[in-house]
Amino acid sequence: MTILEQQELNADKMRGRWGWVLAFGVLLIVLSLILLGNLVVATVASVVFFGAMLIVAGVIHLSQLFYNRRTGHVAFWLISGLLYVLAGIFVMRNPMLASGVFTIMVGISLAIAGGFRIYLGMTMRPVKGWGWIIFSGLVLILAAVLIASNFPQNSLWLLGLFVAADFLVYGFSLVVFALALKPRKEA
């Protein structure tokens, strides 16, 4: 069976479930609107969820001690597991401080990514459309400057806005995708 045949089978399965895809998309849109209604709660919830995932990852790493004792990696599993658990506890005990740290990390990441895009655009100067790459880099740097200019106040709502925006865009994408999957009645 070729890859194209497998993709057709997967598309047929998805067509049969288009209603579930549509429902999930609508649910994400509704959740995004709720999150947009209170960005501080969305920020705290996302940070607490991340902290819980860190603790789960730490427990999984610590459980590897029982399975990998003979391989000589005991120190790795012990230290990494403890660091994950401690980081998760820190995040869950003080989600507002953690959201500030995450906001700083987002700002720095945007500035670095913007710098790389500008550099990439400059290296592509002879190619048509190189200016758009530079423009996207400038937008990222502008976003980083906006984050830095209103820090720490924006750490109360910025992560919640990102989560809500992601839910909204993904929800709309799923709705459009589901409607495209919907079987057409032949006349």
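Where is the place of Asn-38? Asn-38 sits in the loop between H2 and H3. This is a predicted model, so take every value here as computed from that prediction. Asn-38 counts as partly exposed, at 36% relative accessibility. Now look for Leu-161. In sequence, Asn-38 and Leu-161 are 123 residues apart. In space, their C-alpha atoms are 9.2 Å apart.

On to the helices on either side of that contact in sequence. Helix H2 covers residues 18-37, and helix H7 covers residues 158-181. Their axes come within 7 Å. The crossing angle is roughly 155°. The cut-off for roughly antiparallel is over 145 degrees, so H2 is roughly antiparallel to H7. The H2 and H7 crossing is left-handed.

Next, H3 and H4. Their axes are 7 Å apart, and they pack at an angle of about 160°. H3 and H4 are therefore roughly antiparallel to each other. H3 passes H4 in a left-handed crossing.

Take His-61, which is found in helix H3. Is His-61 buried or exposed? At 17% relative accessibility, His-61 counts as buried. The cut-off for buried is under 20%. What does His-61 touch, if we skip residues up to four places away in sequence? The list is Phe-76, Trp-77, Ser-80, Gly-81 and Tyr-84.

Pick Trp-77 from that list. Trp-77 has its place in helix H4, residues 74-93. Trp-77 also counts as buried, at 19% relative accessibility. With residues up to four places away in sequence again left out, Trp-77 touches His-61, Leu-62, Gln-64, Leu-65 and Asn-68. One more distance from Trp-77. Ala-98 is 21 residues from Trp-77 along the chain, and their C-alpha atoms are separated by 24 Å.

Ala-98 takes us to the nonpolar cores. Which residues make up the largest nonpolar core? There are six: Val-47, Leu-54, Val-91, Ala-98, Phe-102 and Leu-159. H3 supplies at least two residues of this core, and so does H5. Look at Ala-98 itself. Leaving aside neighbours within four places in sequence, Ala-98 is in contact with Val-47, Phe-90 and Val-91. Val-47 and Val-91 are on the list for the largest core. There is a second, separate core of five residues. Among them are Leu-110, Leu-140, Ile-147 and Leu-158.

Now the aromatics. How many aromatic pairs does a search of the whole structure find? It finds three. I will show two of them.

Start with Phe-50 and Phe-102. The ring centres are 5.2 Å apart, and the planes are at 85°. Planes over 60 degrees apart count as edge-to-face, so this pair is edge-to-face. Phe-102 belongs to the largest core. Phe-50 is partly exposed, with a relative accessible area of 38%.

The next pair is Trp-132 and Phe-135. It is edge-to-face as well, with 85° between the planes. Centre to centre, the rings of Trp-132 and Phe-135 are at 5.9 Å. Both residues are in helix H6, residues 130-149. Trp-132 and Phe-135 are three residues apart, so about one helical turn separates them. Trp-132 is exposed, with a relative accessible area of 64%. Phe-135 is partly exposed, at 47%.

That brings in H6, so here is how H6 packs. Two packed helices are described by the angle between their axes and the distance between the axes. For H5 and H6, the axes come within 7 Å. They cross at roughly 160°. That makes H5 roughly antiparallel to H6. H5 passes H6 in a left-handed crossing.

Last stop, the loop between H6 and H7. Pro-152 is found there. What kind of peptide bond joins Phe-151 and Pro-152? It is a cis peptide bond, with omega at about 10°.

Definitions and conventions
Residues numbered from 1 in each chain as written. Predicted model: local features only at pLDDT ≥ 70, side-chain atom pairs only at ≥ 80, totals over all residues. Heavy atoms only, no water. Phe/Tyr/Trp six-rings, centres within 6.5 Å; stacked < 30°, edge-to-face > 60°. Buried < 20%, exposed > 50% of the residue type's maximum accessible area, 1.4 Å probe, protein only. Helix = DSSP H or I, 4+ residues; strand = E, 2+ residues; numbered from the N terminus. Core = buried A, V, L, I, M, F, W, Y, C linked by side-chain atoms within 4.5 Å. Contact = heavy atoms within 4.5 Å. Axes fitted to C-alpha atoms, helices over the stretch in contact; angles between N-to-C directions. Parallel < 35°, antiparallel > 145°, perpendicular 65-115°, else oblique. Left-handed = near helix turned anticlockwise from the far one by under 90°.
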